[in-house]
Amino acid sequence: MTKKGHRKTGVGLALCGASVALSFGYSKNSVLAIAVIAMVSSSLPDDLECKWWMRGQRHSLIPHRTVTHWLAPWGCIAAWMIWDTLHRHLVNPYANVVILGIAFGCIGHILMDWMTPMGVPILSPFYRSSLRLFQSGNSAVETSVAGLTAIAGLFCLFFVAQLLSP
Ligand SMILES: [Zn+2]
């Protein structure tokens, strides 16, 4: 998916992340911060590759869609932050919110790249998996996917808020 596509889908995915944080007891301010940080981090896995273009060819310090796009570690980081919040152990609460927001932004990015033919590493960094749902770079498709993620994010947030309301 293109950087623009990740920015567009980042909004809906940030809402999904906010719903998860809300369901695990994060405060409303924390949930808002997590959503904003997740949105800002929605292109981080590509940015961490330190890419540059030379004579029309893409180069990067870290090969494209390898360790920075590995879902398992980002999922473990998110789970660790949620566990930490539930049990109040090691991590400073402000750092927890920032780290969880970044993890959610990266997880959303990776899930979107998973749908394209090139795929991403899910459990092992050595094997990529792909859902082959759409081609990267098609603006109309990426906008449609962004619309669907926004609807899903709003639905999740509404659903969780309804569950938690007295
Ligand atoms: Zn990517």
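**Close-up views of a predicted model**

**View 1. The hairpin of β1 and β2.** In this hairpin, two residues lie between the strands, and Arg 55 takes a positive phi near 50°. The model shown here and in the other views is predicted. Strand β1 covers residues 51-54 and strand β2 covers residues 57-60; the two run antiparallel and are joined by four bridges. Lys 51 of β1 has Ser 60 of β2 standing opposite.

**View 2. Helix α2 and its buried residues.** Helix α2 consists of 13 residues, numbered 28-40. At 1.5 Å a residue the helix should span 18 Å, and its end C-alpha atoms are 19 Å apart, so the two values agree. Which residues of α2 are buried? They are Ser 30, Val 31, Ile 34, Ala 35, Ile 37, Ala 38 and Met 39. The cover over these buried residues includes α1 (3-23) and α5 (93-114).

**View 3. Helix α1 against helix α2.** The axes of α1 and α2 are 8 Å apart, and the helices pack at an angle of about 150°. Angles over 145 degrees count as roughly antiparallel, so α1 is roughly antiparallel to α2. The crossing of α1 past α2 is right-handed. On the α1 side, the contact is made by Gly 10, Val 11, Leu 13, Ala 14, Leu 15, Gly 17, Ala 18, Ala 21 and Leu 22. On the α2 side, Ser 30, Val 31, Ile 34, Ala 35, Ala 38 and Met 39 take part.

**View 4. Helix α2 against helix α5.** Here the packing angle is about 45°, and the axes of α2 and α5 are 7 Å apart. The two helices are therefore oblique to each other. Their crossing is right-handed. From α2, the contact is made by Ser 30, Ala 33, Ile 34, Ile 37, Ala 38, Met 39 and Val 40. From α5, the residues in contact are Val 97, Val 98, Leu 100, Gly 101, Ile 102, Phe 104, Gly 105 and Gly 108. Ser 30 of α2 is one of the residues that contact α5, and Ser 30 also belongs to the contact with α1.

**View 5. Leu 123 in a loop.** Leu 123 is located in the loop between β3 (120-121) and β4 (128-129). Is Leu 123 buried or exposed? Leu 123 has 11 other C-beta atoms within 10 Å, and a residue with 12 or fewer counts as exposed, so Leu 123 is exposed. Met 112 and Leu 123 are 11 residues apart along the chain, and their C-alpha atoms are separated by 16 Å.

Technical notes: Residues numbered from 1 in each chain as written. Predicted model: local features only at pLDDT ≥ 70, side-chain atom pairs only at ≥ 80, totals over all residues. Expected span 1.5 Å × (residues − 1). Buried ≥ 20, exposed ≤ 12 C-beta atoms within 10 Å, placed from the backbone. Contact = placed C-beta atoms within 7 Å. Pairing = 2+ DSSP bridges. Axes fitted to C-alpha atoms, helices over the stretch in contact; angles between N-to-C directions. Parallel < 35°, antiparallel > 145°, perpendicular 65-115°, else oblique. Left-handed = near helix turned anticlockwise from the far one by under 90°.
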